[in-house]
Amino acid sequence: MTMDGNSGSSRIDRRAFLYGTGSLAAAAIWSQRPSGIVRADARLFGYPFTLGVASGDPTSDGVVLWTRLAPRPFDGGGMPDEAVKVDWQVADDEAMTRVVRKGTTAALPEWGHSVHVEVDGLAPDRWYWYQFRAAGETSPKGRTRTAPAADARPERLRLAFASCQHFEAGLYTAYEHMLREDLDLVIHLGDYIYEYAAEQSHVRRHIGGELSSLVDYRNRHAQYKSDPALQAMHAAVPWIVTWDDHEVDNNYANAISEEKGVTPEEFLVRRAAGYQAYYEHMPLRRAALPKGADMLLYRRVPWGTLAEFFVLDTRQYRTDQPCGDGNKPPCDAMLDPNATLLGGPQRDWLFDGLDHSRSTWNVLAQQVMMARVDLALGETELHSMDQWPGYEVDRRRVLRHLYERKIANPVVLTGDIHNHWANDLLADFDDLGGPIVAAEFVGTSISSGGNGVDMPRSLKPALSENPFVKFINDRRGYVACTVSPNEWRTDYRTVEYVDRYGAPLTTPATFVVESGKPGLQKA
């Protein structure tokens, strides 16, 4: 399938596809007051808030509140085919006695009876508590917070980022430890679910086969959301989310499936199902409402003048992996100027946002590793074609922009590869002694890959062949960051095992970046 290197979109008639799926009609229903009957007295056969509550994308005066009504969560939700009234309220005390905002919305069957309430009118930089009520039942209580005012200069931001939580591969013990951190924010960098069919040999077992339909994806999201540790972390702080590949299909590229013989038209039907289910289960704003197989996920989330988060989508607009997928020697296709991870419009949006940012720290929250890592010993070179090095010209454009435009304190947060890494990002990776542009912190998986070890033999060449790589660890866990006007501190957290309960938490490495001085320092 040929791809448009400027826009990163496939050369098929998307408009015809969108109308064919009926998603435009569903979007119209969502964007207006629902017509017809909204049942305030709906009779549900079970507790509707089985998937918990969540919040996300905080602004200085508001936040998105989320839930989904699903009394039978693993069976399509188990809701009647009608709109159901949902009340919500926000209070500035945990006992919910001082209600500051409240309202009513409708959970629509077209969108899996999910609820996305965009609350505004709140005070900046403070904590709130919230709850939903539907069909005579009350949801669990959630805690959230607003961002600082646009001109505020916060003294501290505490965040954690995570990715890759394969339900079958292990327990979510890392989230139990994350819950004990004093956090303001969680960033999830993709692979929130995995699309694979159930396997006998894993710690836990998926329900159903490999995902393809909207009901399939809904049921899988519901199974993941049923985990108590994940629910508790969602209810504790607001999240910023983006996807990678497994929310739809492993290593897909735009309209190109990993599986041979699947046409782009066929794959986009599957992608539309995956995107809709993702939206239905995440605390996202109406701006992200999917339209068929398209969904606008890249966005900016500011935190006063301390940090600006540029949330990227490196999956939806990319061209196909060059040289074939996997780890391969360099090939001419890596240097194709039309090859792209971001697509032209997203790249232009990113550069414009960086140029106009006045934040102390400019943070790219994205999916795949940006450092040009050689994974082989000696004269042989191996690079991951699914990561930024496979799209070398696009990668150079981004790093050159950071360097030439003197963007303040760039930090790249990365997921995907199930290992912790700490990388200096260079202006030119052909000049290993050249200037450092940014720090890249790569987080390991929550559970994907199983227990892991500190340093597998397969990754030892990465340390010896790449002097800009400062740390690698193959345990499961997450990354905790403390951000101040003067420094960015990153603590790599790991758990010893995920195949049974009770794993202790360790911090095998800590790195600091000083404001105005690019380069990692071991703390």
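A: One aromatic cluster is built from Trp361, Phe441, Phe471, Trp488, Tyr492 and Phe511. This is a predicted model, with pLDDT of at least 70 needed for local features and 80 or more for side-chain atom pairs, while totals for chains, interfaces and linings use all residues. Numbering starts from 1 along each chain as its sequence is written, and side-chain values use heavy atoms, without hydrogens or water.

Across the whole structure, the search finds 21 aromatic pairs (Phe, Tyr or six-membered Trp rings, centres within 6.5 Å; planes under 30 degrees apart are stacked, over 60 edge-to-face, the rest tilted). Among them is Tyr298 with Trp349. Their rings are tilted, with 4.9 Å from centre to centre and 55° between the planes. This pair links distant parts of the chain, 51 residues apart. Tyr298 belongs to the loop between helix H6 (264-280) and strand E13 (299-303). Trp349 belongs to helix H7 (residues 344-356) (DSSP runs of H or I, at least four residues, or E, at least two, numbered from the N terminus).

Trp349 counts as partly exposed because its value is 21% (buried is under 20%, exposed over 50%, partly exposed in between; 1.4 Å probe, protein chains only).

Two other rings carry a charge over the face. Arg204 lies over Phe167, at 3.8 Å from the ring centre. Lys225 lies over Trp66, at 4.9 Å from the ring centre (Lys NZ or Arg CZ within 6 Å of the centre and within 35 degrees of the ring normal).
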